[in-house]
Amino acid sequence: MQGKLEGVDLIHLLESQFESLSPQLKIAARYIVSAPEEVAVYSMREIASRAQVKPATMVRLANRFGYENYNTFRDTFRESVTPPTSGYAARARELQLRRDRKAASGLLSEFREAEIENIDRTYGSISDSLLEKSAAACVNADRVFVVGLRKCFSVASFFHYATRVFFQNSKLVQGCAGLFREEIEGISGKDLVLAIAFEPYTRETVETTNLAKERGCKVIAVTDSSVSPLAKNADFVFLVANRSP
């Protein structure tokens, strides 16, 4: 491989070339982009299992980006992670050690740990600047279209409910009676779309962000990956960890 990449550079490379990958490589790349710390501390088979691909897919992904084998690919991430003494990397290592010790862990405890990690990862990726600029975009928009369907509808509905005093022209897109397209047809360049979706991404939500981009509308995406189809059309991206046992 030409030159030596750091973990963050490799992440950017995965993001920039994501659309050119095969379907299976996309699944593996999406997981790695969302959890580079885990790549550093877990085995190839464990990462493949978590990503729900075959171990050979991880090898092909490493080869695709110029690495001779998966170990050198993984070492790029290991060199970017400080020795685990606190934070997410430490917890990931502790979980690995606990498994090695075959310590008993109940399902409820696993859920609790996963949710704590999700919260830490989510808030750790949000800067004050991102929050302030997103809020200003909402306030300055003529209308705020809130789109979150199926499993994300409760989040969209609560956002609409909680902010209705601030955004008088806020509109919760629901698609009742098959009128989804009619509800978003009036989006203009002066509006803002808040889109919420996690894998598997709801087609109508993705279509809304595509339409918003075509019309020059600001987009805030709340999603699970920097390679999410929502993220590529967004002006502001909030990455939310949502893993569960």
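Axes here are lines fitted to C-alpha atoms, for helices over the stretch in contact, and angles run from 0 to 180 degrees between N-to-C directions. Helices (H or I, at least four residues) and strands (E, at least two) are DSSP runs, numbered from the N terminus. This is a predicted model, in which local features need pLDDT of at least 70 and side-chain atom pairs count only at pLDDT 80 or more, while totals for chains, interfaces and linings use all residues. Residues are numbered from 1 along each chain as its sequence is written, and side-chain values use heavy atoms, with hydrogens and water left out.

**Stop 1**

Select α2 (23-34) and α5 (55-64). Their axes are 9 Å apart and they pack at an angle of about 85 degrees. α2 and α5 are therefore roughly perpendicular to each other (65 to 115 degrees; under 35 counts as roughly parallel, over 145 as roughly antiparallel, and the rest as oblique). On the α2 side the contact (heavy atoms within 4.5 Å) is made by Gln24, Leu25, Ala28, Ala29 and Ile32, and on the α5 side by Thr57, Met58, Arg60, Leu61 and Arg64. These residues divide into 6 nonpolar, 2 polar and 2 charged; Ala, Val, Leu, Ile, Met, Phe, Trp, Tyr, Cys and Pro count as nonpolar, Asp, Glu, Lys and Arg as charged, and the others, Gly among them, as polar.

Show Met44, Arg45, Ile47 and Ala48 of α4 with Pro55, Met58 and Val59 of α5 to see the contact. It divides into 6 nonpolar residues, no polar and 1 charged.

**Stop 2: the cores**

Now for the largest nonpolar core, which has 29 residues. A nonpolar core is a set of buried Ala, Val, Leu, Ile, Met, Phe, Trp, Tyr and Cys residues joined through side-chain atoms within 4.5 Å; buried means under 20% relative accessible area, exposed over 50%, and partly exposed in between (1.4 Å probe, protein chains only). Select Leu14, Leu21, Ile32, Met58, Leu61, Phe73 and Phe77, the residues with the most contacts inside this core. Centre on Ile32: beyond its neighbours within four places in sequence, Ile32 touches Ile11, Leu14, Val39, Met58, Leu61, Phe73 and Phe77. Apart from this core lies another, of 19 residues, including Phe145, Val193, Ala195 and Leu230.

**Stop 3: Thr205**

Move to Thr205 in helix α12. Thr205 counts as buried, at 0% relative accessibility. Leaving aside neighbours within four places in sequence, its contacts are Val147, Leu149, Phe180, Ala195, Ile196, Ala197 and Leu230.

**Stop 4: backbone checks**

Most residues other than glycine have a negative phi, and most peptide bonds are trans. Select Gln52, in the loop between α4 and α5: its phi is positive, about 65 degrees, although it is not a glycine. Gln52 is exposed, with a relative accessible area of 71%. Next comes Ala177, in the loop between β2 (170-173) and α11 (180-184), with a positive phi of about 60 degrees. Ala177 is exposed too, at 77% relative accessibility.

Finish at Pro200, in the loop between β3 (192-196) and α12 (203-214). The peptide bond from Glu199 to Pro200 is cis, with omega near -5 degrees.
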